[in-house]
Amino acid sequence: MENSDVRALLVTEPAGPAALRIGTLPVPDAEVVIDVHAAGVTFPDLLLTHGRYQVRPEPPFAPGLEVAGTVRRAAPGTGFAPGDRVVAFTGHGGGYAEAVGVPAAHVVPLPEAIGFVDGVGLMVNYQTAYFGLAERGRLRAGETVLVHGAAGGVGTAAVQVALALGARVLAVVSDDAKAAVARRAGAAEVIRTDRWVDEVRERADGVDVVFDPVGGDRFDESLRLLRPDGRLLVIGFTEGRIPQVAVNRLLLRNIDVVGVAWGHYAAIDPGMIRRVGTALADLAVAGRVRPVVGRTYAFEDGAEALADLEARRAAGKSVLTFRPAAPGVTGR
């Protein structure tokens, strides 16, 4: 095992992004060790900095649930070799570092046609969208999908995945700038939050699937918009309030509320990350999905990236970059 340390962006105390500091960590030991070229900025990373994620590592630690880069070393039998281009799910952090170790089941080959910045966007957000819509949500071509938070990282992913699967998409956003981001993702029907319920009713006679990373009041109203056999996908609660549902409403209207805990499901189905990742890579190479990258930040500016996410200034996918520009590093 190597003795050198790698630079990392460390949570020094559970006080939010402002508590992040540059430090070092030992070179990790794992089935696959990846030299990180890009790391995604995700909402769970933000929760980790506050000590509010379901897993609470002892500081100092590096957040970062998703990375793209090249294999430094891999154990025999993993199917990977030094120099392979990959994207990976770290599990519970560690990706805001120059190198990270992960289980082989969390690693997906990255085709040469996809740059590292785009590639890292195909991990948490796009895997959540695909797993939610295709596998948990049983989305069928021709159905109508209502996507909340459609300008965020997971929202733009849901827009593109739903369209790639043949659905009609109604995208809900809060302002003109975010409407532009949703349209960049491919949404043709964009709805503003100030009157979204009325506008959905004007445009469609109910919806088949709701993709909801917001929760709160948005969840309550969305239930009323579902057609019989409709599915509301619970992705998260960025509004803050975790909603409750009277189950008699599900019974009488023949509708489903479906949990989508992608990261947790990987422990139940170890092949899921590779399976979904391969399907997404095929869609990306075919030009049917492409992460909408809102802004890239230098690794050293990770605190700013998370602060922008917390203040809802981020539109599209935010990404940290770790190495000088080179083929595949910043290529989009």
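Which hand does the crossing of α3 and α4 have? The crossing of α3 and α4 is right-handed. A crossing is left-handed if the near helix is turned anticlockwise from the far one by less than a right angle, and right-handed if clockwise.

Quick ground rules. This is a predicted model, where local features need pLDDT of at least 70, side-chain atom pairs count only at pLDDT 80 or more, and totals for chains, interfaces and linings use all residues. Residues are numbered from 1 along each chain as its sequence is written, and side-chain values use heavy atoms, with hydrogens and water left out. Helices (H or I, at least four residues) and strands (E, at least two) are DSSP runs, numbered from the N terminus.

Back to α3. The axes of α3 and α4, residues 153–164, come within 8 Å and cross at roughly 50°. That makes α3 oblique to α4. Axes are lines fitted to C-alpha atoms, for helices over the stretch in contact, and angles run from 0 to 180 degrees between N-to-C directions. Under 35 degrees counts as roughly parallel, over 145 as roughly antiparallel, 65 to 115 as roughly perpendicular, and the rest as oblique.

Contact means heavy atoms within 4.5 Å. On the α3 side, the residues meeting α4 include Tyr 126, Ala 129 and Leu 133. On the α4 side, Val 154, Ala 158 and Val 161 are among them. By class, this contact has 9 nonpolar, 5 polar and no charged residues. Ala, Val, Leu, Ile, Met, Phe, Trp, Tyr, Cys and Pro count as nonpolar, Asp, Glu, Lys and Arg as charged, and the others, Gly among them, as polar.

Next, α3 against α10. Their axes come within 10 Å and cross at roughly 95°. That makes α3 roughly perpendicular to α10. Residues in α3 that meet α10 include Gln 127 and Phe 131. From α10, Val 276, Gly 277 and Leu 280 are among the partners. The classes here are 9 nonpolar, 2 polar and 2 charged.

Now the cavity. On a 1 Å grid over the protein atoms alone, a cavity is a set of points where a 1.4 Å probe fits but cannot get out, and lining residues have an atom within 4 Å of a point. Grid points are joined across faces, edges and corners, and a volume is the space filled by probe spheres set on the points. The count is 1 cavity of 30 Å³ or more. The largest cavity holds about 70 Å³. Its lining includes Val 87, Leu 122, Gln 127, Gly 277 and Leu 280. Helix α10 gives the largest share of that lining, 3 residues. By class, the lining has 9 nonpolar, 2 polar and no charged residues.

One more helix pair. The axes of α6, residues 196–203, and α7, residues 216–225, come within 11 Å and cross at roughly 20°. That makes α6 roughly parallel to α7. This crossing is right-handed. The contact divides into 4 nonpolar, 1 polar and 4 charged residues.

Last, the backbone. The peptide bond from Pro 59 to Pro 60 is cis, with omega near 0°. Pro 60 lies in the loop between α1 and β4. Arg 138 has a positive phi of about 50°, although it is not a glycine. Arg 138 sits in the loop between α3 and β8.

Technical notes: On a 1 Å grid over the protein atoms alone, a cavity is a set of points where a 1.4 Å probe fits but cannot get out, and a pocket is an open set with protein on both sides within 12 Å along at least five of seven lines; lining residues have an atom within 4 Å of a point.
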